[in-house]
Amino acid sequence: MTERSDYGNYVKTGATVGEVPAAKALKYFEVQEREEGFVFTRELDKADIVYGLGEQVRGINKRGWKYCSYNLDDPSITENRESLYAAHNFLLVSNPKLRFGVFFDTGDKVSFDIGYTDADRLSVNVRGGCSVYIVDGTSAREIVREFRELIGQSYIPPRWAFGYGQSRWGYKTKEDIESVEKRYSEEKMPLDMIYMDIDYMQDYKDFTVNEERFPDFKDFVASMNEKGVRLVPIIDAGVKAEENYSVYEEGIRYGYFCRSADGEPFVAGVWPGDSVFPDVLNEKAAEWFGSNYKVLLDLGIEGFWNDMNEPALFYSKESLHNAVETVSRVKGKNLALEDFQAVSGAFGSLANSEDDYKKFYHNVDGRLVSHDKVHNLFGYRMTRAAAEYFKEYDPQKRYLLFSRSSYIGMHRYGGIWTGDNASRWEHLLLNLKMMPSLNMCGFLYCGADLGGFGQDTTEDLMLRWMAFGIFTPLMRNHSSLHTRNQELYLFKAKDVFRRFLGIRYSLIPYIYSEFVKAALNNDMLFRPLAFDYPDDGRAETTEDQIMFGESLMLAPVYEQNAKGRYVYLPERMKMIRMQSYDNYREKILEKGSYYIEVPLNEIVFFLKENCVLPLAEPAVKVADVDFDRLRFVQFIHREKKYAVCDDNGGTITEKDFKYHTVFPEEKA
Ligand code: MIG
């Protein structure tokens with residue numbers, strides 16, 4: 001059961017599908033109207049766990065901190081932060097006596113104080129107006145299903161998107177990319193895509209290709225495709241403001257860029273220098289922006305990642321001018337400490353300033369709306385614009401598409417990567433904790449930059465991260481300019497990496513089938529343990545293990561130099577200790593807590609009782625994974641049916657599932 005209550009005025013977000021009639025009164029919360037907006041408060045029971053918020057810092061249980069939905073590009077992801085790149089305003093409050101979900105729907109800023117100011121109080125501050133949806137249900141999983149039904153079916157990427165992808169900010173030429181492909185193939189390491197970062201563009205101009213560094217791009221795309229590798233280019237939100245650049249000129253001609261108060265296009269600095277921003281909240285402008293992807297689609301491209309779409313602003317013309325003024329005022333002067341601070345602050349505070357977000361406007365159905373009121377929708381609408389164009393371009397085909405910034409609703413159009421993490425052990429753990437929270441909010445096709453984006457990775461971190469990353473739907477190794485290279489063939493342990501990748505490809509029938517089932521049934525692929533074992537107090541507080549699909553529990557190692565880790569088994573399970581597709585050991589363990597040794601060259605996971613796990617024979621391309629020839633790892637006592645999704649692309653129906661019957665092995 002879902003109920004809706006409306007507060008004040010706000011711009012419709014497009015988060016939900018279908019209609020929920022408005023209820024008379026809001027359940028579970030006290031509401032106060034303030035000048036700025038509305039505050040929703042509720043006492044928290046000592047037993048309450050508060051799940052949700054999708055892409056956010058800290059734990060699976062969000063209690064004990066304050067969070068803010070105001071999409072932000074800030075590459076220092078630490079637990080004292082309040083905003084990341086996304087606004088996923090869904091909470092699930094849960095104790096054994098009462099469980100409900102709540103969704104605060106607005107593109108404006110929302111702050112969540114979840115037992116921070118007062119340990120026993122939840123308070124949600126909404127700037128402007130919103131709709132509040134209350135979702136009731138008997139179990140956490142059912143509440144999520146209800147909520148997901150409200151927001152509509154999750155995006156399903158093409159099957160090849162479940163392969164492994166190599167990325168790095170710093171591949172500058174065709175040769176750079178060719179050599180990555182060559183090394184992977186020489187090493188017989190699986191690889192399905194290579195990502196292209198901003199250097200493929202001409203002067204960072206969207207929908208252009210630098211012809212010197214990437215001559216005959218169409219042929220290049222085709223030759224990579226022949227080798228079984230797809231090129232996946234980045235698209236940035238900011239469009240270079242430059243005469244004779246057709247995207248800029250067209251957008252100006254039609255009036256499709258966001259405007260300042262004076263009616264002129266709003267200009268801010270991003271990668272290409274002075275840039276303008278497509279008004280993706282305007283239907284026509286969004287349609288036009290999406291149609292620009294055609295340039296690359298015509299060249300054979302089948303996947304994209306949308307970046308910088310919070311949107312990130314390095315500076316606005318005006319703020320830069322002011323900063324320069326501040327500095328020039330002290331020129332030649334003896335700087336007192338305050339002056340010095342003013343000068344260094346003048347530049348330090350330029351990026352992504354809220355003042356700038358108030359200085360430009362969208363044209364929403366003929367009404368001018370200040371950007372800060374719909375800030376959280378920008379990445380969503382940019383990505384939706386692309387997806388809707390793809391549908392027009394080829395209605396039969398599924399494209400790969402994911403975005404850095406997002407809002408609930410975008411999950412119907414694309415996936416997300418979780419932004420600029422770093423090569424730090426804590427970010428491996430954060431990757432694990434985010435997955436179920438993202439799934440609650442509809443985002444199934446997700447992943448983090450494996451190995452870490454910023455800073456220098458280490459071989460052991462890469463190994464441990466891969467040991468988890470082989471389970472995430474989006475499996476991409478990405479790193480930043482000026483950090484240690486982390487292509488897997490560079491490491492001494494490359495044989496181990498090859499086997500890990502091999503295990504990923506063997507798991508693809510399972511990962512893909514479970515993914516599609518989760519999408520079609522509004523279910524979660526990754527779940528907190530408590531969702532599967534609601535009466536188990538220990539499971540409730542276990543946050544470094546998660547359930548994965550119908551059959552598995554994951555408990556990766558996330559500490560350096562650890563030889564293993566403690567694992568809690570909420571019921572009897574079969575431990576699988578795997579080095580490769582045909583080299584693994586099984587052991588049945590009773591419910592309880594164990595110290596499990598995990599050498600760096602092994603992947604350890606757990607199979608639930610009465611479950612099976614299909615494994616395909618090793619392959620180095622997703623297209624070569626044979627979904628018919630499956631071997632089943634099993635922990636069953638009577639025969640069990642397992643449904644494998646084996647479709648031909650396009651829309652998936654019940655007919656695309658093949659049922660395999662697995663019989664219990666004879667006991668020796
Ligand atoms: O300001 O395109 O999160 O993945 O490599 C940095 C360069 C812009 C941020 C993305 C990152 C990407 C980088 N981008």
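Reader: What does S479 touch, once residues up to four places away in sequence are set aside?
Author: S479 touches S167, R168, W169, G452, F453 and Q486. Contact means heavy atoms within 4.5 Å. This is a predicted model: local features need pLDDT of at least 70, side-chain atom pairs count only at pLDDT 80 or more, and totals for chains, interfaces and linings use all residues. Residues are numbered from 1 along each chain as its sequence is written, and side-chain values use heavy atoms, with hydrogens and water left out.

Reader: Why is S479 called buried?
Author: Its relative accessible area is 1%. Buried means under 20%, exposed over 50%, and partly exposed in between (1.4 Å probe, protein chains only). So S479 is buried.

Reader: What makes the pairing of S479 and R168 a polar contact?
Author: Their side chains come to 2.7 Å. The limit is 3.5 Å between N or O atoms; within protein, one must be able to donate a hydrogen and the other to accept it, and residues adjacent in sequence count only if both atoms are side-chain atoms. The S479–R168 pair qualifies at 2.7 Å.

Reader: Where does S479 lie in the fold?
Author: S479 is in the loop between strand 27 (475–477) and helix 13 (494–520). Helices (H or I, at least four residues) and strands (E, at least two) are DSSP runs, numbered from the N terminus.

Reader: Why is helix 12 called mostly covered?
Author: Of its 11 residues, 459–469, 10 are buried. Among them are L461, W465 and F468.

Reader: How do you know that N9 is exposed?
Author: N9 has 75% relative accessibility, so N9 counts as exposed. N9 sits in the loop between strand 1 (2–7) and strand 2 (30–33). Beyond neighbours within four places in sequence, N9 is in contact with G128 and G129.

Reader: Why is L337 called exposed?
Author: L337 has a relative accessible area of 55%, so L337 is exposed. L337 belongs to helix 8 (residues 337–348).
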